[in-house]
Amino acid sequence: MMQFWRSVVGKLWATILLLVSCVLIVLTMLLLKFFETYHVQEAEKELTQLAVKVADVMHERQDEALARSIASSLVGDSTKAMIMFDKTHYWYLPSHSKQQDVPLSLIESDDVLKQAFTKQVKKKMYLPTMQTSDGSSQWLIVGVPLETASGKQGAVFVFQSLKAVEDTTQQTTKFIFLAAFIAIVLTTIFAFFLSTRITAPLRKMRQAAFEVARGKFDTKVPILTHDEIGELAMAFNQMGRRLQFNMNALNQEKEQLASILSSMADGVITFNRDGEILITNPPAERFLQAWYFEQGNEREAMEALPPQVTDLFSRVVNEEKGQSMELTLQGRTWVILMTPLYSQTTVRGAVAVLRDMTEERRLDKLRKDFVANVSHELRTPIAMLQGYSEAIIDDIAATDEEKKEMAKVIYDESLRMGRLVNDLLDLARMEAGHITLNLEKVELRPYIERVIRKFQGLAKEKGVDLAAEFRSEAEVVIDPDRIEQVLTNLIDNALRHTDEHGSVKVMVERSGETVVIHVQDSGSGIPEDDLPFVFERFYKADKARTRGRSGTGLGLAIAKNIVEAHKGTITVHSKLGEGTTFTFTLPQSNHS
């Protein structure tokens with residue numbers, strides 16, 4: 001009920017009803033006053049006319065008895081009259097009226113009624129001897145002068161009870177109240193109908209507004225009229241269409257920005273004024289995950305940022321200018337560029353761009369290491385070539401045998417330089433994608449046994465057990481020379497890093513459509529820090545190892561390129577003091 005009175009329908013209905021009720025109340029009061037006065041005035045007028053007629057009859061008739069009879073018939077039963085000449089000559093009309101004991105003293109003592117002998121008078125008063133049963137009715141007395149045909153002077157007093165007037169007034173009052181009640185009922189119905197009809201479009205508009213608030217911007221309000229409310233509905237529909245258009249444009253822009261942000265190679269982190277993270281993209285998520293992992297993946301760590309980033313944020317916000325720094329997390333190098341984020345003229349946060357520079361740093365290190373390693377690898381053979389050739393030129397060698405020995409050293413070093421140059425050329429061609437494979441179908445058991453036999457002499461010399469284990473038979477399509485180069489490099493490395501009484505094992509097994517080959521040794525193993533770099537050019541885990549056959553540091557890089565050219569993969573697992581296992585895979589059918 002309270003909700004109804006608060007609604008527009010309730011307020012409009014109450015306003016119309018209150019306004020009409022006020023008008024009806026005022027009009028009823030005025031009508032009641034008017035009719036009350038009107039009935040009394042009409043009664044006075046009729047009584048005055050009756051009194052004048054009686055006086056005229058008494059004046060015109062010589063026969064007094066006949067005149068009284070005519071006057072009595074004029075008075076009738078509804079009114080009463082008294083003709084008075086003096087205290088001894090008076091009588092009542094009609095003659096059969098029982099109310100004949102009106103005291104003369106009432107007329108003689110009343111200043112107004114005494115004047116009836118000379119002029120017309122009228123007065124409302126209570127007559128004690130002529131009261132009604134309820135004792136509340138007034139009487140209206142009208143007096144006019146009287147002069148008979150014989151010349152006697154007197155007065156005619158006509159009096160009538162006002163109860164009839166009061167009854168008429170009450171009937172009129174009841175009628176007025178009934179009319180007012182009917183008017184109020186009709187007004188209530190009309191006001192409710194009118195307010196409901198007027199507010200129906202507004203209710204529909206209210207419902208549509210709630211639908212729009214819930215995100216249904218295509219909601220339309222039916223245009224029922226062509227007045228101001230109809231124009232408001234048209235404006236509302238136009239607003240909904242405009243909102244829909246703007247929301248679609250904003251969503252498209254948001255999706256476009258989100259797509260750009262997620263597809264960026266660089267990480268992006270947006271901070272608010274308090275340093276809390278607002279927006280991140282996938283590369284930035286990887287940066288944060290690396291930080292969380294480095295902190296032990298604790299919940300507290302996930303609520304914070306690296307202290308270096310926090311300090312950088314403070315400087316950016318305080319100085320209101322861009323700052324940059326370099327940070328290393330989990331072996332990866334990140335360059336962070338942070339700039340203020342403005343809201344008009346005030347700083348409302350900062351945006352950080354994170355670039356993973358690990359690959360650039362690695363390539364830069366490889367470039368430096370390549371130059372250093374090539375220089376280092378070439379320095380010794382060139383120095384030896386130069387020294388021994390000068391010794392021969394200067395005849396330092398006294399005998400032919402010494403000259404041959406020096407020539408043998410020069411020849412060995414030239415071969416070593418040739419192997420280095422050939423390895424570099426092969427690796428350059430492979431990395432450029434110019435490797436050519438001569439594919440053949442090969443049975444792995446005899447193929448691997450043949451390769452192992454080449455190293456049995458070296459294995460016996462070092463006291464190392466070299467063997468092959470075939471867990472399944474397999475036939476592959478490979479370039480035999482290239483895969484032999486891979487096996488030769490891996491077995492040679494295993495033998496060189498395995499001490500006496502150790503073992504080197506080549507294992508072959510199937511895994512689905514793939515053949516897996518393991519080269520396992522029980523040697524010294526590779527340090528954990530070196531494992532990610534063993535397939536890099538010129539990288540040597542054992543820095544102190546003397547140079548020898550295939551000791552250029554290019555063998556594993558070449559092996560990796562050969563295996564990948566066969567659509568396979570190569571990995572390494574090692575632990576210091578427990579040995580190393582190189583594993584490479586070859587598909588059973590090759591479509592290259």
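**Helices, aromatic pairs and a histidine**

Author: This is a predicted model. Helix α9 covers residues 307-319, and at 1.5 Å a residue its 13 residues should span 18 Å; the end C-alpha atoms are 18 Å apart, which agrees.

Reader: Which residues of α9 are buried?
Author: The buried residues in α9 are V309, L312, F313, V316 and V317. They cover an arc of only 130 degrees around the axis, so they are on the same side of α9.

Reader: And what do the buried residues of α9 pack against?
Author: They pack against strands β6 (267-272), β8 (323-329), β9 (332-343) and β10 (346-356), and against helix α7 (282-294).

Reader: What happens just after α9?
Author: There, E320 takes a positive phi of about 55 degrees.

Reader: Let us move to α7. What span should α7 have?
Author: At 1.5 Å a residue, the 13 residues of α7 should span 18 Å, and its end C-alpha atoms are 18 Å apart, which agrees.

Reader: Which residues are buried in α7?
Author: In α7 the buried residues are P283, A284, F287, L288, A290, W291 and Y292.

Reader: New topic: how many aromatic pairs are there?
Author: The count comes to four aromatic pairs.

Reader: Where do F271 and F313 lie?
Author: F271 lies in strand β6 and F313 in helix α9, so the pair ties together parts that are 42 residues apart in sequence. Both F271 and F313 are buried.

Reader: What about F287 and W334?
Author: These two form an edge-to-face aromatic pair, at 5.3 Å centre to centre and with 75 degrees between the planes. Because F287 lies in helix α7 and W334 in strand β9, the pair ties together parts that are 47 residues apart in sequence.

Reader: Why does F287 count as buried?
Author: Its relative accessibility is 1%, and buried means under 20%. W334 counts as buried as well, at 5% relative accessibility.

Reader: What does the side chain of H518 make a polar contact with?
Author: The partner is the side chain of T583, at 2.9 Å. Leaving aside neighbours within four places in sequence, H518 is in contact with several residues, including K505, M507 and F582.

Conventions
Residues numbered from 1 in each chain as written. Predicted model: local features only at pLDDT ≥ 70, side-chain atom pairs only at ≥ 80, totals over all residues. Heavy atoms only, no water. Helix = DSSP H or I, 4+ residues; strand = E, 2+ residues; numbered from the N terminus. Expected span 1.5 Å × (residues − 1). Buried < 20%, exposed > 50% of the residue type's maximum accessible area, 1.4 Å probe, protein only. Arc of directions from axis to C-beta. Contact = heavy atoms within 4.5 Å. Polar contact = N/O pair within 3.5 Å; in protein donor to acceptor, adjacent residues only side chain to side chain. Phe/Tyr/Trp six-rings, centres within 6.5 Å; stacked < 30°, edge-to-face > 60°.
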